[in-house]
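Let's take a friendly walk through this model together. Please have the viewer open as you read.

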Amino acid sequence: GDVGTERRRYVMMEYHKGQSRMPRLLALLRAVGDAISKRKLVRLLNENHEGFIAEAQDVLRAGLKTSPWVSVDDTGARHAGKNGFCTQIGNEWFTWFRTRSSKSRLNFLDLLRAGFTDYVLNDAAYAYMREHGLPASSIALLAGCAQTRFADQAAWMAHLDQLGFTALAVTPNPVQVATEGALWGSVRAHEFLCNAVILSDDAGQFNIGRHALCWVHAERLVHKLDTFNDLHRAAQTQVRGLIWDFYAELRAYQLKPGKRRASSLRARFDRIFLRRTGFVTLDRLLARLYTNKAELLMVLERPEIPLHTNGSENDIRSHVTRRKISAGTRSDVGRDCRDAFLSLAKTCDKLGIAIWDYLGSRFKVAGHAIIEPLDHYVRARLRPA
């Protein structure tokens with residue numbers, strides 16, 4: 001017969017929050033006298049959840065529109081028998097996951113549109129194109145057209161083809177750079193990430209807009225260097241100590257920021273990363289890290305951002321657990337439901353809302369608590385005082 005709302009809530013709770021495997025959940029239900037079939041259980045988990053998927057999308061939009069910063073990460077994912085990637089976007093008050101076949105910058109920019117499909121040519125788009133080496137003549141060609149907004153990918157690619165971009169065989173690829181710029185223009189046109197910082201682990205696809213880097217990942221590069229003699233080991237130990245002492249100073253700065261202190265910390269950064277230790281590999285690494293000075297010291301301009309991406313690492317662990325116990329998804333709707341429910345469960349945890357109460361409210365279980373759409377809580381938490 002029909003599955004009641006209480007049992008529906010229990011199944012969703014046990015599968016997504018409890019991270020149960022399908023066979024184990026089926027065995028558990030049958031052990032308590034439920035004659036539910038595997039097909040019925042799959043339908044219960046995957047069908048008629050468009051509202052949850054839309055709510056997860058709304059959470060992302062609220063977070064991107066109101067957050068002063070977001071941290072991002074990705075991990076491997078299996079879908080339809082193929083390897084893919086799951087991208088995480090979030091901060092202290094929300095989390096959002098999305099699985100795609102690629103983790104390119106085009107994919108990340110598409111995710112930042114939060115479900116919108118338009119391509120927009122505006123000041124942000126042109127600035128992106130200039131920054132990434134698109135010739136001034138090509139930018140002028142785009143800017144000279146009256147149309148600045150395109151409904152979808154087909155309309156945008158037709159426009160580029162009409163302008164002759166697709167026939168150009170040069171580096172950088174003008175179609176790719178122009179498309180990335182138009183995607184970034186769409187992100188800004190929808191008022192996402194207008195003054196927000198994107199915090200990442202230095203993966204190239206995340207280097208967009210105002211960007212900050214994780215200090216833990218930066219120090220890990222020094223920690224993982226192979227050493228071959230006492231001189232190398234002593235130099236590595238000394239540099240690691242200097243980095244962690246500097247990290248402690250940055251944490252203290254976050255509590256009491258000031259211009260004089262910021263200037264002192266910038267000078268100290270130079271002394272650490274411009275030094276020569278005699279360990280050639282370490283010296284090259286320090287020089288490379290020095291080129292990331294602005295991103296590693298973004299905290300001096302924005303003391304509210306974290307110094308690490310531990311939040312993203314913790315968030316994405318739930319997806320890794322799901323991948324380990326269930327391998328992957330087969331259908332697109334199964335993938336979308338898994339991503340949406342993991343997003344909503346993590347967001348509930350951060351907002352202090354019991355996922356049991358949340359599911360009871362959405363399924364209208366008798367006597368349920370009233371839980372408003374989660375994006376309302378996200379906006380309230382992140383709205384400036």
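In which helix does His159 lie? His159 lies in helix H8, residues 153-163, where helices (H or I, at least four residues) and strands (E, at least two) are DSSP runs numbered from the N terminus. A word on the ground rules: this is a predicted model, in which local features need pLDDT of at least 70 and side-chain atom pairs count only at pLDDT 80 or more, while totals for chains, interfaces and linings use all residues. Residues are numbered from 1 along each chain as its sequence is written, and side-chain values use heavy atoms, with hydrogens and water left out.

His159 counts as buried because its relative accessibility is 7%; buried means under 20% relative accessible area, exposed over 50%, and partly exposed in between (1.4 Å probe, protein chains only). Setting aside neighbours within four places in sequence, His159 is in contact (heavy atoms within 4.5 Å) with Leu142, Cys145 and Phe150.

Leu142 leads us on to the largest nonpolar core, which has 70 residues. Such a core is a set of buried Ala, Val, Leu, Ile, Met, Phe, Trp, Tyr and Cys residues joined through side-chain atoms within 4.5 Å. Those with the most contacts inside this core are Leu41, Ile89, Met129, Leu142 and Tyr358. Not counting residues up to four places away in sequence, Met129 touches several residues, including Leu121, Leu142, Val177 and Gly181. A second, separate core of 33 residues includes Val197, Ala235, Ile272 and Leu307.

Now turn to Leu41 in helix H3 (residues 38-46), where Leu41, Leu44 and Leu45 are buried. Seen down the axis of H3, the buried residues fall within an arc of 95° (taken from the directions from the helix axis to the C-beta atoms), so they line one face of the helix. Among the elements that cover them are helix H1 (5-17), helix H2 (22-31) and helix H17 (332-351). After H3 comes Asn48, whose phi is positive, near 60°.

What about the cysteines? The structure holds 0 disulfides, a disulfide being a pair of cysteine sulfur atoms within 2.5 Å. For Cys86, the nearest cysteine sulfur is that of Cys337, 14 Å away. For Cys348, the nearest cysteine sulfur is also that of Cys337, 16 Å away. Cys86 is buried, with a relative accessible area of 0%, and Cys348 counts as buried at 0% relative accessibility.
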